[in-house]
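Subject: Structure for you to look at

Hello,

Here is the structure I promised to pass on.

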Amino acid sequence: MATKPGFLTDWPWKPLGSFKYIVLAPWVMHSFYSLATKGKNELDYTYLLILPFLLSRALHNQIWISISRHRNAKGNNKIVDRAIEFEQVDRESNWDDQILLNGLLFYIFGSILPIASFLPAWRTDGVVITALLHAGPVEYLYYWLHRALHHHYLYSRYHSHHHSSMVTEPITCKRDDVQMCVLVFGKKLTNGVCVAAVIHPFAEHIAYFLLFAIPLVGTLLTGTASLSSQFGYITYIDFMNNMGHCNFEFIPKWLFSVFPPLKYFMYTPSFHSLHHTQFRTNYSLFMPLYDCIHGTTDRSSDALHASALERRRPESPDAVHLTHLTTPESIFHLRVGFASFASRPHDSKWSTWLMWPVSSLGFFIYGSSTFLAETNLLGKRKLQTWTVPRYSVQYGLKWQTQGINSLIEEAILEADVRGCKVSEELNRSGQLFIEKHPKLKTKVVDGSSLAVAIVLNSIPKGTTQVLFRGALSKLAFAIVSALSHRAIQVATLYETEKHKLSSTNEAKVVISKSYTQKVWIVGDGLSKDEQLKAPKGTLFIPFSHFPPKKARDDAFYCHTPSMIAPPSLHNLHSCENWLPRRVMSAARVAGILHAVEGWGVHESGDSIFDVGKIWEAAMKHGFRPTTISK
């Protein structure tokens, strides 16, 4: 939102929320009706192609978003070291509003203007006129419109929204080897980052549409318009807009060496990024010519372009969290997927199941090897999340075991080469790989000790008895053992669980017959009927990887073992599975703590790290317990 929102800042369909697409329904239905009732020679393909074109624009933008996030996570050719937070994702979640606006206007003008109907597929003269009108009036008028939008009156009311996606800490931009800060209206702003190319207030988009309509209307009035000139021009604008805001450089220097004048007619991502970091330079739309004419070209444009191209992958991460996909639709919750989905806890809905073809395509793209999903910063520590492209159900299939283990092994060995800690939650423990590679310098951490600590510290003070129910595992035995050392009586529902827990631990486990315990420690296998036996107000504390299916409205459910990230942990803008924002799983946090504390030990197999020590370290570094969800 702009600092002082002006007239027509909000989009008119904002109150409709996710139902905003209904504004196109009358025209879409009319186009389908025409397709069904008219003959082939009567069909207006200009009108019919509007909807497919809008969908292709949305796909085009999403591809750029995914590529940009993936490249920025890797760090290759990155222009600005930026950190994206949830606030920025929320602010930019309406990036498709401009596509909706364009579609609405296309339908309206296509319906009332006969010259906009029944256009031919191609006309060379129309394409040439479109290019000339863009290079002349459009680029020149945009340059001055852009400079006007940076006047304090218009900037505070409109254009500041586009520039509001700033990193939370100053970013160093190199100009004559001096660290620069931007001074605007007497206020010191942190150096900015590239923001979403199409995030502007409604009034700004109206102005841009009128501007970009010059070539469209010009070719219509001269009778030279075609499908290629109309749709091609909008596609060109989308491509250049997204390229300028992608925050990684890929335009080679030799291109400008072979044809030097090209640098005045095509900008680069680094050229436009300087407008966001230096504010009063590089105003041009896509052609730097007008900045050169009016003396507003940033002097460091060429140097930044060269340095970004030379920038390779930065130093190795200090800790790697190895995880995997859960369900087919969970691929959309990766930060390289749909940003608005990823910024919310994973919740399976019928609408995401309808997108299974896209999720299948993503599986085939990433299915051959583990891929980098996210990079975070904790002080000077670099943390990464690597994703194994396999779903939870595949871990229970024997014929998939060898392939999954090979992917995990390759990831651990790569981390070993880079010299970083690995926290994993993939096959219960990394003991298999430690035994196979005894000379591993990388330490494998499964986070069991921190999970135990989280469960113990979730139990209300004064509790003397808990009921234990869930699949028995290394973590289950560790929790029961810790409870016995705290003199907390453990009860179970079944004799088999009692026998196994008592034979392994020093604690005396009893059978619960009255179900009066108000604290339940639960894992996989907890049923709805078992939950219904608990008294009203029971606190369910899960130790499993997956949360239990809630069967009670009068009970309290904790999150699966996890902790709230400290404010000093940056670039965290996607939710980890079903966990809330800025909440990280125990395995992920444990890997970070082992890295920052320099503990040179494995935590895998049957071994458990010091529970008290890792809890104290978590508190020291700003991690906090999660709240109870009802």
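K436 is exposed, at 53% relative accessibility, where exposed means over 50% relative accessible area, buried under 20% and partly exposed in between (1.4 Å probe, protein chains only). The side chain of K436 meets that of E409 in a salt bridge of 3.2 Å, N to O; a salt bridge is a side-chain nitrogen of Lys or Arg within 4 Å of a carboxyl oxygen of Asp or Glu. The pair links distant parts of the chain, with E409 in helix α17 (residues 398-418) and K436 in helix α18, 27 residues apart. Helices (H or I, at least four residues) and strands (E, at least two) are DSSP runs, numbered from the N terminus. E409, at 14% relative accessibility, counts as buried.

Before going further, note that this is a predicted model: local features need pLDDT of at least 70, side-chain atom pairs count only at pLDDT 80 or more, and totals for chains, interfaces and linings use all residues. Residues are numbered from 1 along each chain as its sequence is written, and side-chain values use heavy atoms, with hydrogens and water left out.

The count of salt bridges comes to 19. One of them joins R469 and E530, with the closest N and O atoms 2.9 Å apart. R469 lies in strand β10 and E530 in helix α22 (residues 528-532), so this pair ties together parts that are 61 residues apart in sequence. R469 is buried at 12% relative accessibility, and E530 is buried at 4%. K14 and D10 also form a salt bridge (3.6 Å, N to O); D10 is partly exposed at 38%. K20, D96 and D97 are linked in a network of salt bridges.

K443 is buried yet has no salt bridge, and the nearest side chain of opposite charge, D416, is 7.8 Å away. (Lys and Arg count as positive and Asp and Glu as negative; His and the chain ends are not counted.) K443 sits in the loop between α18 (431-436) and β9 (444-445). Leaving aside residues up to four places away in sequence, K443 touches C420, K421, V422, W599, G600, V601 and H602, a contact being heavy atoms within 4.5 Å.

On the chain as a whole: there are 24 helices and 19 strands, and buried residues make up 54% of the 630 residues.

The largest nonpolar core has 50 residues, and L450, I521, L569, L593 and F623 have the most contacts inside it. Such a core is a set of buried Ala, Val, Leu, Ile, Met, Phe, Trp, Tyr and Cys residues joined through side-chain atoms within 4.5 Å. Elements that give two or more residues to this core include α19 (448-458), β13 (519-522) and α23 (586-597). Apart from it lies another core, of 48 residues, among them Y47, Y107, L216 and L227.

In helix α13 (residues 301-310), S301, L304, H305, A306, A308 and L309 are buried. These buried residues pack against α10 (253-258) and α11 (269-278).

Finally, N571 has a positive phi near 65° although it is a residue other than glycine. N571 is in the loop between β17 (569-570) and β18 (583-585) and is buried, with a relative accessible area of 10%.

Regards
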